[in-house]
Amino acid sequence: MARLVMVSNRVIDFNAAQQAGGVGVAIYNTLEQHSGFWFGWDGQIEESGSPEPKSITVGGHTTVTEPLTEPDYNDYYLGYSNSVLWPVFHNRLDLAQFEAGYYSSYVAVNQRFARHLAPLLQPDDVIWVHDYHLVPMALELRKLGVENPIGFFLHIPIGPAQAMLAIPENKEIARALGAYDLIGLQTQSDVRNLIDFLQQSVAGRLLPSGRIRVFEAELDIGCFPVGIDPNDFAFGPGEAEALPPTETGDLHQIIGIDRLDYTKGLPQKFRAYGKFLEEYPEYRRRIVLSQFAPPTRESVEAYADIKAELESLAGSINGRYGELDWVPINYIHRTIPRSELRDIYRTSRVGLVTPLKDGMNLVAKEYIASQDPKDPGVLVMSKFAGAADQLPDCVLVNPYDIADIVQGIRIALEMPRDERCARHEKLLRNVRKSDSNAWSRSFFSELAKAGQRRAGRFSKSSDMAKALERLQASVKKNSTHSRAAANVGT
Ligand code: GDG
């Protein structure tokens with residue numbers, strides 16, 4: 001079977017129990033199903049020098065990682081990736097810092113990663129690159145003569161073309177995207193935005209085949225909503241009985257789990273919760289909002305601002321409504337072990353997920369997968385999370401409209417059990433149908449096809465054409481096998 005080579009900015013440590021972040025979780029789940037390896041940054045920062053990759057195999061999983069230098073970390077990671085691309089892709093031009101110098105470092109790190117990855121590749125390998133840090137990766141690999149199929153999955157949304165065109169290097173970004181065989185996005189609206197952007201930035205042409213031509217390259221763009229492995233969150237017989245009761249007397253927990261990021265709408269969530277306590281005093285002492293907000297990218301200014309704002313909001317709500325024996329908001333600014341998430345979701349009567357914009361949002365899916373089907377909690381979710389397309393039976397709210405979130409909380413708390421069960425059944429069905437396995441299988445198989453179209457340019461007898469024929473055969477075999485496995489338990 002063809003090897004799958006995953007490439008992402010950050011490679012998670014297979015030995016570490018505490019891992020926050022949706023990209024790592026999604027890749028980890030996929031590598032459980034495929035042979036191959038994972039290439040990227042190990043999370044270490046060296047003062048200077050020329051980082052070299054090192055390979056480690058833990059429990060059958062191989063990672064090839066290297067550190068970043070301090071300048072790389074500042075300019076490639078915190079700078080171009082997280083202070084230019086992240087805000088623009090989330091349509092927050094007001095927070096973008098288009099400083100000169102970031103872009104050259106961004107390209108240089110991609111070039112170095114490509115130089116270190118190319119010698120490790122075999123002709124049958126399928127290369128799957130993840131996220132906005134690595135847009136130029138395919139172009140750099142192609143320059144080194146790599147002809148394997150290369151796909152790109154963007155975990156975050158694509159902003160409207162008008163926002164994307166504000167990036168000074170938008171033409172270079174568009175050209176780099178054109179070097180992939182397949183680009184996967186989370187939603188149809190992201191697909192439309194990307195096509196729009198390619199058309200306006202570099203006069204990309206939509207072809208009758210549905211592919212898009214960017215200069216001399218043709219690429220496929222598709223929607224592949226990322227999923228979770230719901231079995232990681234399900235309860236076996238007797239397991240749930242060991243948990244504390246969902247309601248302690250008449251006290252309901254509302255749960256929020258979000259990286260501390262300005263896209264996650266946390267100040268709006270806190271304000272709405274405060275407003276709810278003001279408008280519905282009968283709920284005081286009967287609910288608690290437990291908000292876990294693990295730290296992330298703390299050296300970026302916008303992240304320090306949001307941290308200070310949240311601390312002040314939580315303090316003022318607790319000061320205003322709290323009692324000696326009741327604290328309205330538990331605000332926890334640290335990473336919790338992954339093994340504890342399932343129980344926390346299960347014992348929460350409401351899941352409150354209100355990002356201003358989110359590629360997908362895995363927390364929403366994890367919350368649903370953890371519930372008791374006979375007495376489930378209610379998910380209140382932003383209509384601007386990518387997951388809203390797949391989960392229309394949750395309580396959808398406009399995260400910019402505090403009054404709408406207030407009503408969402410009320411509806412969730414007052415929802416009768418029958419309705420909670422009926423909605424949860426539909427939600428769980430969708431989470432199961434579109435799980436992490438379905439996501440990686442469909443992307444992998446489309447990428448193999450896109451790679452084959454590309455191989456049309458090679459003679460039938462070339463090594464690459466033969467390798468792609470083998471790949472296509474292995475994809476067929478693997479997808480039959482996976483479909484059979486997915487039927488078990490449904
Ligand atoms: C990006 C996109 C897209 C969170 N806190 C802790 C913790 N987590 C885990 C959650 C979940 C993951 O991190 C977060 O995933 P999200 O999808 O909610 O958000 P992002 O990190 O922003 O992910 C997003 C995703 O990529 C996948 O494509 O859905 O839109 O922004 O799995 O459980 N895990 C642990 N401790 C925590 O404190 N262990």
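Helix α13 is the largest contributor to the lining of the largest cavity, giving four residues. The structure is a predicted model.

- Five cavities of 30 Å³ or more are counted.
- The largest cavity holds about 80 Å³ of space.
- Its lining is formed by 13 residues, and those nearest the centre of the largest cavity are Gly-377, Val-378, Leu-379, Arg-423 and Leu-427.
- Two or more lining residues come from each of α11 (362-370), β15 (378-382) and α13 (417-433).
- By residue class, the lining of the largest cavity comprises seven nonpolar, three polar and three charged residues.

**Helices α2 and α3**

- Helix α2 spans residues 70-89 and helix α3 residues 102-117; their axes come within 8 Å and cross at roughly 115 degrees.
- Angles of 65 to 115 degrees count as roughly perpendicular, and α2 and α3 are therefore roughly perpendicular to each other.
- The crossing of α2 past α3 is left-handed.
- On the α2 side, the contact is made by Pro-71, Asp-72, Asn-74, Asp-75, Tyr-76, Gly-79, Tyr-80, Ser-81, Val-84 and Leu-85.
- On the α3 side, the contributing residues are Tyr-102, Tyr-103, Ser-105, Tyr-106, Val-109, Asn-110, Arg-112 and Phe-113.
- The residues of this contact between α2 and α3 divide into ten nonpolar, five polar and three charged.

Methods:
Residues numbered from 1 in each chain as written. Predicted model: local features only at pLDDT ≥ 70, side-chain atom pairs only at ≥ 80, totals over all residues. Heavy atoms only, no water. 1 Å grid on protein atoms, 1.4 Å probe; cavity = no way out; pocket = protein on both sides within 12 Å on 5 of 7 lines; lining within 4 Å. Points joined across faces, edges and corners; volume = space filled by probe spheres on them. Nonpolar A, V, L, I, M, F, W, Y, C, P; charged D, E, K, R; others polar. Axes fitted to C-alpha atoms, helices over the stretch in contact; angles between N-to-C directions. Parallel < 35°, antiparallel > 145°, perpendicular 65-115°, else oblique. Left-handed = near helix turned anticlockwise from the far one by under 90°. Contact = heavy atoms within 4.5 Å.
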